[in-house]
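This report walks through one chain, from its overall fold down to single residues. Look at the structure first.

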Amino acid sequence: IQSNESILAYYEVRSNYCNCNPEIFSLKGENAMGTNFFIPGQNYLDNYYDFSPDPYNSFDIIATEDDTEIIIIPSNNASGINAGDTVTINLNMGQTYSVRAQSQNAEFHLGGSEVYSDKPISITMKDDLLAGFPFLSTCKDLGGDQIVPIERLGSDYILINSFLDGPGDQAFILAIENNTVLYANNNQIATLNKGEIHQISMGNANSMFVQAGKPITVLQMSGNGCEVGLAQLPHIECTGSQNISLTRSTNELFVVNLIVPSEGIGSFIVNGNSNFLNTSDFEFVEGTNEEWSFIQASFNNQ
């Protein structure tokens, strides 16, 4: 996809069976292109077993230039590749290669896998038909996102809780270096080595500030009721955007999380209306000394 002006693009996957369970994969343009990647992942929900074809966790690599050499090191057994083995492949521009977990069990998914290339590539990770049993029901959902390379990662992240049933949103923190010290709301909670994943349950907390002494990747599991989705979070050192366009394909619940330095809470305009978001509805992000604020805004009528 190319354009002569800036655009926003995503693709959405929905079930043909029920026209339901949409998952949005946000396309990140040049920010998603790189040569060094760690694959984020969740090790909490299994892929549901009673479907055909069987759903799995996997990641898809696409080349942006001809004769691209790619090195893959899976964290767990994948189809045709043993855990920890190094496999080298070559792709031309537009060609893709998919690495699929051998097991449907969450503990054997591919989070923490490494991918390196000699020319820019992009990667999408996906986890199909996640069994949402911990969220009080038997929902089964696709989750995934287009990820960013190591050079786009940071060390400070903000999580906003969604509308999942108990135990609430889950965050999966992946270390890309040894001896990575992890903090949540300024409390030390773990020390991770390269490729290790630490799970954080948000419970009833509205927000959470996650920091580390070294760059990390944060994958958030959120959703509504027992319907889950996955997204790789951007770090707050990223400059963000001043203009965002949003659209949707269904008339289901449509809520937008906005995170902003606290001095900016009165600066939003929605469809030309500067009063759409009330400054009194913003909350301080826990653990940020009131330097950051957030709002969960319903856009159902927009």
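Among contacts between residues at least 6 apart in sequence, what percentage join residues at least 24 apart? The figure is 72%. The model is predicted.

**Overall build**

The chain has 20 strands and zero helices. Its radius of gyration is 19 Å, close to the 19 Å that the globule rule gives for 302 residues, so the chain is as compact as a globular protein of that length. The C-alpha trace spans about 55 × 45 × 45 Å along its principal axes.

Of the 302 residues, 43% count as buried. The chain exposes about 15,300 Å². Carbon and sulfur atoms supply 44% of that area.

**The disulfide**

A search of the whole structure finds one disulfide. Cysteine 139 and cysteine 226 form it, with their sulfur atoms 1.7 Å apart. Cysteine 139 sits in the loop between strand 8 and strand 9 (140-146), and cysteine 226 in the loop between strand 16 (207-225) and strand 17 (227-232), so the pair ties together parts that are 87 residues apart in sequence. A disulfide is a covalent bond between the sulfur atoms of two cysteines.

Are the two cysteines buried or exposed? Cysteine 139 is buried, at 11% relative accessibility. Cysteine 226 is buried as well, at 10%.

**Backbone exceptions**

Most residues other than glycine have a negative phi, and most peptide bonds are trans. Several places in this chain depart from that pattern.

Which peptide bond has omega near 0°? The bond from serine 52 to proline 53 does, and it is cis. Proline 53 lies in the loop between strand 3 (34-38) and strand 4 (57-63). A cis bond also joins glycine 166 and proline 167, with omega about 15°. Proline 167 is in the loop between strand 11 (163-164) and strand 12 (170-175).

Then come the phi angles. Aspartate 67 is not a glycine, yet its phi is positive, at about 55°. Aspartate 67 is found in the loop between strand 4 and strand 5 (68-73). Asparagine 186 is not a glycine either, and its phi is about 75°. Asparagine 186 belongs to the loop between strand 13 (180-184) and strand 14 (187-192). Aspartate 67 is partly exposed, at 49% relative accessibility. Asparagine 186 is partly exposed too, with a relative accessible area of 42%.

| Residue | Relative accessibility | Class |
|---|---|---|
| Isoleucine 123 | 0% | buried |
| Leucine 253 | 48% | partly exposed |
| Serine 262 | 16% | buried |

Take isoleucine 123 first. This residue is in strand 8 (residues 114-131). Which residues does isoleucine 123 contact, leaving aside its neighbours within four places in sequence? They are Phe37, Ile39, Phe59, Asp60, Ile61, Val115, Asp145, Gln146 and Ile147. Phe37 falls within strand 3 (34-38). Glutamine 211 is another matter: its C-alpha is separated from that of isoleucine 123 by 25 Å, and the two are 88 residues apart along the chain.

Leucine 253 is in the loop between strand 17 and strand 18 (255-261). Neighbours within four places aside, leucine 253 is in contact with Phe163, Asn224, Arg248 and Asn300.

Serine 262 lies in the loop between strand 18 and strand 19 (283-284). Buried means under 20% relative accessible area, so serine 262 counts as buried at 16%.

Definitions and conventions: Residues are numbered from 1 along each chain as its sequence is written. This is a predicted model: local features need pLDDT of at least 70, side-chain atom pairs count only at pLDDT 80 or more; totals for chains, interfaces and linings use all residues. Side-chain values use heavy atoms; hydrogens and water are left out. Helices (H or I, at least four residues) and strands (E, at least two) are DSSP runs, numbered from the N terminus. The radius of gyration is taken over C-alpha atoms; the globule rule is 2.2 Å times the number of residues to the power 0.38. Buried means under 20% relative accessible area, exposed over 50%, partly exposed in between (1.4 Å probe, protein chains only). Contact means heavy atoms within 4.5 Å. Accessible areas come from the Shrake-Rupley method with a 1.4 Å probe; for residues, only the protein chains shown count as cover. A disulfide is a pair of cysteine sulfur atoms within 2.5 Å.
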